[in-house]
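User: I have a new structure to go through. Can you take my questions as they come?

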Amino acid sequence: MRALSSVSDRELRERLTAAVSAERMAAADVIYHLVELDRRQLYREDACSSLYAYCVERLGYSEDGATKRMRVARISQQFPQILDELASGAIHLTGLFLLSGHLTEENVDRLLAEARGKSKRQLEELLARWFPKPDVAATITPSVPEPAQAELSTMSGAGSSGPPPAPPVPAARARVEPLSATTFRVEFTASAALRDKLEHARNLLSHAVPSGDLAALIERAIDELIAVETKRRSGTGKPRKHRQTKPGSRHVPVEVQRAVRERDEDQCAFVDAEGRRCSEKRFLTIEHLEPFALGGPTTVENCCLLCSSHNAYRARQVFGEEHVARKVEEARADRDAAAAEPAEPTEPAAPAAPPERDAFQKVQYALVHMGFKATQAKRALEELRRRGVEPQPAPLLRAAITVLMP
Ligand SMILES: [Zn+2]
């Protein structure tokens with residue numbers, strides 16, 4: 001390649017145009033590859049908990065770059081024509097990202113046509129015309145400006161699977177922005193209830209935090225929350241009666257849990273063929289290396305922390321795709337059955353009432369699938385057992401939800 005300094009002005013322009021065109025084609029090609037990689041869930045094999053983590057950790061994209069590509073990849077499965085817009089340069093990646101939350105079968109053709117050739121600013125104006133937002137309501141402390149849509153926090157959109165992204169929520173997203181080496185600006189939208197609680201805490205702690213400084217107040221609260229949660233998980237603190245684990249029980253004793261969490265440093269322990277470890281620190285569970293179902297013992301050596309993504313990956317490897325699909329189907333059927341019970345107990349009890357243990361177990365399963373923590377669900381069901389609630393899935397589920405969401 002000749003040094004650029006020696007090419008003519010005309011040739012320089014031509015070369016640049018060709019390079020940009022190649023860059024656009026490559027950008028569309030990258031998205032195309034991401035879609036297939038996502039479909040095969042190959043990121044799991046490479047020790048990443050999500051496509052987003054893969055984009056950042058394995059492909060070296062910035063958090064913003066990863067979020068945009070991931071979102072565009074997901075939406076391109078529904079509207080493959082957007083990749084043509086990207087490859088031809090009609091709509092840039094940021095533009096497609098902005099559009100992604102608004103495209104529907106009805107508006108896709110018109111919206112894409114109007115979006116062609118527009119800058120980011122022009123696209124934001126276009127979207128504001130198409131999808132006007134209500135005026136910002138007056139609040140007592142209107143201190144949080146709504147960030148531009150493209151400035152999505154890196155903490156959002158990091159999910160590994162699920163339906164295409166929902167339309168943007170009107171509330172501003174949380175942002176953590178470094179101000180200096182030791183300070184950060186943290187912004188988020190609080191509900192009125194949280195505002196009242198903050199006020200309440202500020203008053204209660206007026207002696208301990210005389211300045212009423214919100215950061216100091218929240219740091220104290222978070223410290224206490226971390227201490228409580230750590231204690232709850234590790235069982236430190238109160239000396240417990242040593243509970244003998246019944247043979248055949250799936251229960252992981254608290255000492256084993258603590259040792260595994262310490263050894264794995266609260267991080268997914270999955271390591272890929274090249275020795276790279278998954279960086280996920282959220283949604284971790286303790287799993288058996290040699291599966292419990294195949295007789296693996298519940299010992300520190302045979303247990304490890306896994307993120308939900310790698311837990312599913314291992315289950316597929318050990319038990320096969322079919323088994324996992326069947327388990328998912330069973331859980332769904334259980335949940336649907338529980339939900340489909342009539343709201344009013346108009347019929348007499350079914351002739352073959354399932355044993356009580358089954359109903360409690362089913363409802364616990366259903367609650368966990370609805371997003372409650374297993375411990376929460378268990379506690380609520382124990383409460384209902386004490387109250388003597390009828391051990392049938394439907395009434396039990398309704399009562400449990402009332403306990404969990406008063
Ligand atoms: Zn993992």
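User: Is the crossing of helix 4 and helix 6 left-handed or right-handed?
Analyst: The crossing is left-handed, meaning the near helix is turned anticlockwise from the far one by less than a right angle; clockwise would be right-handed. This is a predicted model, where local features need pLDDT of at least 70, side-chain atom pairs count only at pLDDT 80 or more, and totals for chains, interfaces and linings use all residues. Residues are numbered from 1 along each chain as its sequence is written.

User: Which residues make that contact?
Analyst: Helix 4 contributes K68, R71, V72 and I75, and helix 6 contributes L93, T94, L96, F97 and S100. Two residues are in contact if their C-beta atoms, placed from the backbone, lie within 7 Å.

User: Switching topic, how many helices and strands does the chain have?
Analyst: The chain has 15 helices and four strands. They are DSSP runs numbered from the N terminus, helices being H or I with at least four residues and strands E with at least two.

User: And how much of the chain is buried?
Analyst: Of its 406 residues, 18% count as buried. Buried takes 20 or more other C-beta atoms within 10 Å of the residue's own, exposed 12 or fewer, and partly exposed lies in between, with C-beta atoms placed from the backbone.

User: What about helix 9, how many of its residues are buried?
Analyst: Zero of the 13, so helix 9 lies largely in the open.

User: What share of contacts is between residues 24 or more positions apart?
Analyst: They account for 58% of the contacts in the chain with a separation of 6 or more.
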